[in-house]
Amino acid sequence: MSFFTTYSKKLENLIAGVIFLITFAVYFSTMAPTVSFWDTGEFIATSHILGVPHPPGSPLFLLVGKFFSLIPISSDIAFRVNIFSPIISALTISLLFLICNQFIDRIDPSDNNKFFKMWSSLTASLTFAFTHSHWFNAVETEVYAFSGFMTALVVFLIMRWSQKIHDSNHIIYLIFISYIIGLATGLHLLNLLTIPFIGLIIYFSIGKLSTKNLILTFIFSLVIFFGIQTVIIKGLPQLTASLGLVGLSFLIILWVIATIYSIKSNKTFLSIFLSSVLLIVIGYSTYFAIFIRSGQNPNIDENNPETISEAISYLNRDQYGQMTILPRKFDNLPSKISIVGSPADDNSQFSFDQELDYMLHDIPSQASFLWNYQIKKMYLRYFLWQFAGKGDSGDPFVASVGASSDEDGVDWRQFGLPIALIMGLIGIGYHFRKNKQDAFSLLILFLMTGIAIIFYLNQDAPQPRERDYAYVASFMTFSIWIGLGIYSFINFITDSLLEKSIKLQSSYFLIGLFILFMPTRMLIANYHEHDRTGNYIAWDMAYNMLQTCEPNSILFTNGDNDTFPLWYLQEVEQIRTDVVVANLSLLNTTWYVEQLRERYKDNPFIKMSDKEIQSLDFKRWESKKISINAPKDSNNEIGKIEWELNPTYLGVALRTQDLMVLRIINDNNWNRPIYFGVTVSPTSMLNLDNYLQMEGLAYRLVNNSNQIINQNKMSDNLLSYIGDNSWFTDYDSNKYNLLDRDISKEYQRGYIFRNLANEKVYVDPQLGRLVQNYRTGFVRLSISHYLNKDFQKAEAALLKMEEIMPSSIIPIPSKQLQYQIAQVYSGVGNQAKMKYHMKELVERKDLLLEDYILYGKTFIQLLEDYDESKLIFETIYQNYKIIEQSILRRGFTATKISEKEWQDWQQSLPEIIYLLFLSYKNLEMYDEAKILLNDWINKNPADDNAKELLEEILQLESS
């Protein structure tokens with residue numbers, strides 16, 4: 001029993017193992033069952049086929065992913081690859097526990113408190129385990145979970161080295177760290193941000209302490225950081241371009257010989273330097289997998305980096321444009337030419353003075369954007385999500401911290417109290433008091449993995465999704481301070497307020513409370529939101545989009561989010577491989593156009609020479625009518641489609657992708673059916689609306705404008721679905737039910753809708769907006785039947801939509817769409833359903849004054865529900881009077897309402913008064929009607945209509 005009550009290294013390792021099992025069990029229980037949106041589909045597919053993902057690539061991740069894809073633990077390849085993230089994320093938490101122990105030990109190295117220290121570390125590590133962003137990375141296939149582990153491993157090893165500095169073999173730790181950093185370049189460059197921290201730990205352990213030496217150490221660390229990034233990661237391919245592979249091999253052999261010589265000659269510093277560089281290069285060599293596979297032309301071969309020049313472009317991320325620290329990319333940042341003029345020299349290069357002028361342009365706007373958007377919204381908000389809480393910023397009790405009304409802000413109540421944040425702040429203060437050197441080193445790690453990334457990335461607004469996953473290493477660093485804060489807080493309480501005899505028991509009682517109110521509370525609060533169990537939305541939408549397309553179609557998709565799941569289904573599960581998925585954003589690149597041409601040259605739809613492809617660029621454009629040949633038939637006797645094509649870029653040009661869409665339509669010559677996914681923006685559809693016919697999750701290009709939807713195909717896809725009705729509410733329990741039709745790898749009409757009516761499956765707001773594409777299809781099909789006077793089919797389409805995805809389970813994001821649904825129900829005579837949706841509408845948080853008035857009038861005119869209309873217009877009127885009083889007392893600033901908004905209220909007031917009067921009148925609430933009208937007449941004595949209404953009420957009252 002004493003083994004479990006006294007500190008030992010074995011017990012410490014055992015607790016680390018238990019932490020791994022606990023966190024792995026939680027992560028595995030919440031893991032995504034199959035492919036998810038964003039990069040997961042691409043990573044799983046490229047792991048499975050050893051393809052080439054988007055730059056700069058993650059070859060180490062692909063190799064590990066390939067290994068896991070071969071383990072026969074599930075028939076779903078995505079499940080096999082996904083499971084790596086819970087494993088590696090749980091290992092990260094175990095390492096964090098050991099790291100916290102190391103930092104606390106360096107403050108108080110006595111053995112007496114070591115057992116108690118471990119409980120502080122356990123609490124802190126489990127707290128981080130259940131933070132929002134780390135948990136998000138832990139349940140799907142992404143590089144950030146693996147990258148976080150590598151960061152934790154490097155921190156653990158350098159702290160271990162500082163403990164073993166007097167051992168003869170302590171150099172092994174530094175050499176191993178070099179190799180880990182080299183390997184980590186095959187995941188993500190985030191791991192390089194640990195180098196300044198490593199340098200400071202080394203300096204404080206062996207250096208002669210002075211301000212000058214500290215500055216030199218930090219500068220030297222940054223030199224190493226940029227040296228690895230510039231000389232090794234980017235420089236080796238460029239060196240290969242100069243020397244060739246033979247020359248590079250010869251150079252590496254010379255380096256190996258020099259390393260061996262330095263070791264044998266006992267030249268310590270030189271041998272460490274040469275060995276470290278060599279191991280970084282060896283770790284970095286995982287990139288050979290990318291370049292070798294690219295030469296074999298896999299189906300996913302982004303940027304085609306099979307030559308030296310293409311490899312350099314790939315590693316430099318040229319596809320995404322040049323990254324600059326200044327100027328900050330604030331809204332409406334002018335172009336460089338508009339600020340500094342044309343390039344100064346003959347080589348179209350801007351001079352240094354021009355570059356400087358542009359970097360320093362409008363400093364106040366840059367500073368405001370840096371703070372309000374890039375730091376406050378895109379980092380501090382994420383940071384507070386982890387340790388304070390996350391919630392809908394539309395909630396009046398949630399702080400927006402820069403978030404818009406439809407984004408998540410900081411909910412200070414989510415965890416009861418933000419105890420983790422408080423303990424972390426206490427830990428920072430305690431750390432700086434007790435060990436300034438370690439505290440400063442940790443602060444640098446915290447800033448480098450957080451704010452420094454903000455400066456480096458220089459993100460513009462808006463981003464297509466939340467980016468909190470990129471700062472997890474910074475949140476992990478703060479968690480170390482949480483452990484220190486708990487340790488210091490409990491020591492302070494027990495030393496200052498309690499007798500010595502009960503100090504030990506009280507310490508463990510307080511630890512128990514911390515475990516209960518921090519990691520346990522966060523686990524409970526965050527569990528549902530991070531539980532991906534039963535979430536098949538990405539798989540199903542990809543399948544449904546592919547099955548919308550006729551055989552051998554071309555399907556234009558918008559970008560990563562709607563393309564990568566399609567790639568997964570085609571490359572991994574071999575579903576609808578006949579469909580050409582043409583990514584519009586990639587059509588801006590010449591390599592992608594060449595790949596599409598070569599891959600489908602047996603049945604070509606791109607008939608362009610190499611020279612034509614290489615010369616692709618923006619084209620100046622003014623709005624004009626254009627035409628393309630089309631099949632002649634009874635619906636198109638002229639054999640052409642004609643439409644007005646407007647510029648798509650800044651009102652003056654067509655993008656490369658637009659020119660390629662036109663070229664593909666022309667070169668295809670109606671040989672293959674052409675579709676646009678419903679997620680494609682209207683601008684990217686090139687004003688072809690009149691010739692796009694909806695068939696489900698895609699619009700088909702047709703030669704006429706007679707029908708905006710294909711009723712037969714829409715009905716087959718939406719209503720003749722795959723699977724049993726029970727699949728809507730609980731697929732996992734009913735997936736083996738006998739089916740008339742199963743999932744098909746070939747063309748087959750009929751969609752699959754798994755768990756969209758399952759209240760236990762969490763659907764985040766972003767997924768909810770994607771699911772709305774289904775609802776749009778159902779509503780448009782219903783309206784089409786309604787316009788044809790087929791009310792029974794119109795109602796049936798909406799009722800089936802309600803069964804598949806009830807609005808009580810997945811709310812309808814668009815108030816306009818929900819109002820349309822209510823109107824159709826009214827038109828077909830289903831007043832109960834109309835009333836249900838109207839009540840949901842008035843409870844929304846995103847309504848404007850005009851919406852309330854419209855919905856109130858609808859209750860009166862279509863439902864004759866005067867109780868509901870009374871409630872709406874009474875609320876509006878009371879709000880009007882509150883705002884009026886606030887403006888009279890304190891002006892517009894205090895009311896947070898603009899003068900324009902107040903004018904709108906005043907202009908709407910007569911209608912509001914009249915509609916409230918109608919409600920009172922029909923409810924025979926004559927006294928309320930008289931008070932309302934008398935109040936209005938007192939303020940508007942010239943309103944004869946109001947006097948007539950008052951007279952009417954008096955007559956009704958007396959009759």
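## Cores, salt bridges and surface of a predicted model

Phe556 touches Ala582, Leu584, Leu587, Val661, Ile664, Ile674, Tyr675, Phe676, Gly677 and Val680, leaving aside residues up to four places away in sequence. Contact here means heavy atoms within 4.5 Å. This is a predicted model: local features need pLDDT of at least 70, side-chain atom pairs count only at pLDDT 80 or more, and totals for chains, interfaces and linings use all residues. Residues are numbered from 1 along each chain as its sequence is written, and side-chain values use heavy atoms, with hydrogens and water left out.

**Nonpolar cores.** Phe556 and Phe753 touch the most other members of the largest nonpolar core, which has 153 residues. Helix α37 (residues 899-922) gives the most to this core, with ten residues. A second, separate core holds 137 residues, including Val26, Ile177, Phe446 and Ile493. A nonpolar core is a set of buried Ala, Val, Leu, Ile, Met, Phe, Trp, Tyr and Cys residues joined through side-chain atoms within 4.5 Å. Buried means under 20% relative accessible area, exposed over 50%, and partly exposed in between (1.4 Å probe, protein chains only). Helices (H or I, at least four residues) and strands (E, at least two) are DSSP runs, numbered from the N terminus.

**A buried glutamine.** Gln547 sits in helix α23 (residues 537-548). Its relative accessible area is 0%, so Gln547 is buried. Beyond four places in sequence, Gln547 touches Arg576, Asn717, Ser744, Glu746, Tyr747 and Gln748.

**Salt bridges.** Side chains of opposite charge can pair when their charged atoms come close. A salt bridge is a side-chain nitrogen of Lys or Arg within 4 Å of a carboxyl oxygen of Asp or Glu. By this rule there are 37 salt bridges. Three of them are tabulated.

| Pair | N to O distance |
|---|---|
| Asp438 and Arg106 | 2.5 Å |
| Lys930 and Glu957 | 2.9 Å |
| Glu695 and Arg700 | 4.0 Å |

Asp438 is buried at 2% relative accessibility, while Arg106 is partly exposed at 27%. Glu695 is buried at 1%; Arg700 is partly exposed at 21%. Salt bridges link Glu550, Glu695, Arg700 and Lys713 in a network.

**Backbone.** Most residues other than glycine have a negative phi, and most peptide bonds are trans. A cis peptide bond joins Pro55 and Pro56, with omega about 0°. Another cis bond runs from Leu326 to Pro327, with omega near -5°. Trp670 has a positive phi, near 65°. Trp670 lies in the loop between α27 (656-668) and β9 (674-677). Lys789 also has a positive phi, about 65°, and is exposed at 64% relative accessible area.

**Surface patch.** Met323, Ile325, Leu326, Phe352, Leu356, Leu360, Ile363, Tyr456 and Leu457 make a nonpolar surface patch of about 780 Å². Nonpolar patches join Val, Leu, Ile, Met, Phe, Trp and Tyr side chains within 5 Å, using residues with over 30% relative accessible area and no salt bridge. Helices α16 (352-359) and α20 (451-457) each supply at least two of the patch residues. Phe352, in α16, is exposed at 63%.

Technical notes: Patches are made of residues with over 30% relative accessible area and no salt bridge: like charges are joined within 9 Å, nonpolar side chains (Val, Leu, Ile, Met, Phe, Trp, Tyr) within 5 Å. Accessible areas come from the Shrake-Rupley method with a 1.4 Å probe; for residues, only the protein chains shown count as cover.
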